[in-house]
Amino acid sequence: MSSALATPELVTAAEPKSEQRIEVVARKSANQAGAAARYVRSTAWRVAKPSIAIAVFLGMWELAPRLGLVDKVFLPPFSEVVSAFFTLAGNGQLQEHVTASLTRALTGFFVAVAIAVPLGIAIAWYRPVSDFLNPILELFRNTAALALLPVFVLILGIGEESKIALVIYACTFPILLNTISGVRSVEPLLVKSAVSLGFSPIRLFQKVVLPAAVPTIFTGIRMSAASSILVLIAAEMVGAKAGLGYLITASQLNFQIPNMYAGIVAISLLGLTLNGVLVLIERRLSRWRPAN
């Protein structure tokens, strides 16, 4: 009998605890929902801010010629440029020119990365190499790439070799200088700690020096990616039968102004795409860094 009488008391005592647990779960769910909503709002705002700026710019581009603020012949509305862009894409001309430019730019860019990163590490890490190469590097890094275009054309001809060589020259120095800076700025305490733990030189580079220098190296790589396209476009304007630089120049000479602007838009999209790919690779290689 006593146990039967105690059962209702136990149930009554347990009810407040179950209600408290329900309140705690509900509060946690509300907090999680609020955090998710704040994350969605912040993400949407981060995406909207540049989108708003671009939309305003394109709106001004569209309205200025139509309102007579600029000559419509020399600056057609953005809608006409988009129409010309899709016309070139539809008949295959745009793909041909983009493929030609991208092949030249990527070839020179990858060769520059393969040369500049190991050379930058050697210069930053070994003083005899630095003392030997610094004078010649100081001489050439202060010489503009486009100033050497006639030299490359005279030596290598007007074909693909001169354009790729110009891209290699333009891309090498940003990567090289940033690699030197990144390796030399590695925290000395990290290097000493790795040496005290018995790391071999190769393992020291692999586990300490290179991971710490990756952000700075990729700054130079991203700068070089932009330079590879800009320098190549200028070279294609001088002498080429295909490429975005050739498309822009030929459209200007034939007074096909919308096609000229379509080529410029293609260059912008190509540069944004390359930069986005490099940013993703940098994040992949810099996963040890705290998220901003």
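View 1. Leu63, Leu67, Leu69 and Val70 together make a nonpolar surface patch of about 410 Å². The model shown here is predicted, so local features need pLDDT of at least 70 and side-chain atom pairs count only at pLDDT 80 or more, while totals for chains, interfaces and linings use all residues. Residues are numbered from 1 along each chain as its sequence is written, and side-chain values use heavy atoms, with hydrogens and water left out. Patches are made of residues with over 30% relative accessible area and no salt bridge; like charges are joined within 9 Å, and nonpolar side chains (Val, Leu, Ile, Met, Phe, Trp, Tyr) within 5 Å. Accessible areas come from the Shrake-Rupley method with a 1.4 Å probe, and for residues only the protein chains shown count as cover. With 49% relative accessibility, Leu63 counts as partly exposed (buried is under 20% relative accessible area, exposed is over 50%, and partly exposed is in between, with a 1.4 Å probe and protein chains only).

**View 2. The whole chain, for orientation.** Here is the setting for the other views. Helices (H or I, at least four residues) and strands (E, at least two) are DSSP runs, numbered from the N terminus. Of the 292 residues in the chain, 34% are buried. The accessible surface of the chain comes to about 18000 Å², and carbon and sulfur atoms account for 68% of it. Among contacts in the chain with a separation of 6 or more, 70% are between residues 24 or more positions apart; contact means heavy atoms within 4.5 Å.

View 3. Which residues form one aromatic cluster? They are Phe57, Trp61, Phe78 and Tyr261. The structure as a whole holds eight aromatic pairs. Rings of Phe, Tyr and Trp (its six-membered ring) pair if their centres lie within 6.5 Å; planes under 30 degrees apart count as stacked, over 60 as edge-to-face and the rest as tilted. The ring centres of Trp61 and Phe78 are 5.0 Å apart and their planes stand at 55 degrees, so this pair is tilted. Because Trp61 belongs to helix 1 (residues 2–66) and Phe78 to helix 2 (residues 78–90), the pair ties together parts that are 17 residues apart in sequence. Trp61 is buried, at 13% relative accessibility.

View 4. The whole structure has four salt bridges, each a side-chain nitrogen of Lys or Arg within 4 Å of a carboxyl oxygen of Asp or Glu. One of them joins the side chains of Arg66 and Glu62, at 2.6 Å from N to O. Arg66 and Glu62 are four residues apart in helix 1, so about one helical turn separates them. Arg66 is partly exposed, with a relative accessible area of 47%, whereas Glu62 counts as buried at 19%. Another salt bridge links Lys72 with Glu80, where the closest N and O atoms are 3.8 Å apart. Lys72 is partly exposed at 40% relative accessible area, and Glu80 is partly exposed at 30%.

View 5. Is Arg104 buried or exposed? Arg104 is buried, at 6% relative accessibility, and lies in helix 3 (residues 93–125). Arg104 forms a salt bridge with Glu160, the closest N and O atoms being 2.7 Å apart. This pair links distant parts of the chain, with Arg104 in helix 3 and Glu160 in helix 6 (residues 160–184), 56 residues apart. Glu160 is partly exposed, with a relative accessible area of 37%. Salt bridges that share partners join Arg104, Glu160 and Glu236 into one network. The side chains of Arg104 and Glu236 also make a polar contact at 2.6 Å; a polar contact is a pair of N or O atoms within 3.5 Å, and within protein one must be able to donate a hydrogen and the other to accept it, while residues adjacent in sequence count only if both atoms are side-chain atoms. Leaving aside neighbours within four places in sequence, Arg104 is in contact with residues including Lys163, Ile164, Leu232 and Gly243.

**View 6. Asn259 in helix 10.** Asn259 has its place in helix 10 (residues 257–285). With a relative accessible area of 17%, Asn259 is buried. What does Asn259 touch, not counting residues up to four places away in sequence? Asn259 touches Ala84, Leu88 and Ser251.
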